[in-house]
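Subject: Structure handover

Hello,

Here is the structure for you to look over. My notes follow below it.

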Amino acid sequence: MTTDQALRAQSVTRRFGDFTAVDAVSMEVSSGEVVGLLGANGAGKTTLIRLLLGLLAPNEGRVELLGGPPDRAHRARMGYVPQNLGLYRDLTVAENLAFSADAYNAAVPEIPPSLRDARNTLVGDLALGAQRQAAFLVALAHQPEVLVLDEPTSGVDALSRAELWDTIRAQADDGVGVLVTTHYMEEAQHCDRLLLMAGGALVASGSEDDIVGDTRAVAVHTADWARTFAVLNAADIPVILDGRAIRVPDTDPATISSALDDAGVEAEIRPVPATIEERMLVLARSR
Ligand SMILES: Nc1ncnc2c1ncn2[C@@H]1O[C@H](COP(=O)(O)OP(=O)(O)OP(=O)(O)O)[C@@H](O)[C@H]1O
């Protein structure tokens, strides 16, 4: 390892026409840490990643990859698993691995037991969990010092997700700096630190507790959940329906009672600590 700093963005902005996809973002990832990049669809996570990796040029600001510019030489020291996995679907797992190792002048790694039966299967014919596993293997073949993973666990079953997180943690324990995006909020617990984006900006960072802070929510218990949801929604109250449970973040319980009383809906209202997902909703609404 030649530097403790794996990735850094300093006041980085990227526009597409009049639209600002990444807005003056400053952040960094150190070697050996797993940093989770969270945010709703369109928050700017993938664009930030592409800027950090030199795949897109910033309009303003500066990025550093392993302490230098994100040029070919520095990019050769990082591993990237994009959302679409970046594998050749019409090549087998073994062929993808050999191709990538050759491109980086690295030895072809051994295929782990869980993928061995699939070594001669075309990637396009594999289940998504196995495809993601293969993409990890390919990205790690040249022993990168930085690993950037864009939704690595999306669409895979719980067991495969747990295995992928084990792999991520093992890499960090070996000193690799990891930046990972996820849509699954429960996966925030696997990260050492979180960055939260909304509307292109970095709106919060730290641990899950730092991000939630003292934000509160209200749990609404009612038999008539459909009407309750409709009434609160119509009153422009930030209501969340999770199954049949109704939650309202960052809103005075009296406001909720009053909206429901006016509509003649019977409900029991209980203030509770907010979740990170609810805090994200609050931050996104305030952008
Ligand atoms: N090449 C492009 N041209 C125009 N707009 C773009 C381009 N790339 C991204 N955008 C826009 O920038 C915004 C941020 O997109 P981005 O893919 O970075 O979000 P994201 O947080 O990664 O979302 P998701 O979780 O859905 O992947 C979106 O509104 C997207 O439509």
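In this model, 10 residues of domain 1 touch 5 residues of domain 2. Contact here means that the C-beta atoms, placed from the backbone, lie within 7 Å. On the domain 1 side, strand S8 (193–198) and strand S9 (201–206) each give two or more residues. Strands (E, at least two residues) and helices (H or I, at least four) are DSSP runs, numbered from the N terminus. That side of domain 1 has 8 nonpolar residues, 1 polar and 1 charged. Nonpolar covers Ala, Val, Leu, Ile, Met, Phe, Trp, Tyr, Cys and Pro; charged covers Asp, Glu, Lys and Arg; the others, Gly among them, are polar.

Two points on the source. The model is predicted: local features need pLDDT of at least 70, side-chain atom pairs count only at pLDDT 80 or more, and totals for chains, interfaces and linings use all residues. Residues are numbered from 1 along each chain as its sequence is written.

The domain assignment places domain 1 at 5–208 and domain 2 at 213–285. Such bounds come from an automatic or database assignment. The domain centres, taken over C-alpha atoms, are 35 Å apart.

Next, a helix pair. Helix H3 (residues 93–103) packs on helix H5 (residues 128–140) at about 20°, with 9 Å between their axes. Axes are lines fitted to C-alpha atoms over the stretch in contact, and angles run from 0 to 180 degrees between N-to-C directions. H3 and H5 are therefore roughly parallel (angles under 35 degrees). H3 contributes Val93, Asn96, Leu97 and Ser100 to the contact, and H5 contributes Ala134, Leu137 and Val138. By class, that is 5 nonpolar, 2 polar and no charged residues.

Best wishes

Technical notes:
Two residues are in contact if their C-beta atoms, placed from the backbone, lie within 7 Å. Angles under 35 degrees count as roughly parallel, over 145 as roughly antiparallel, 65 to 115 as roughly perpendicular and the rest as oblique.
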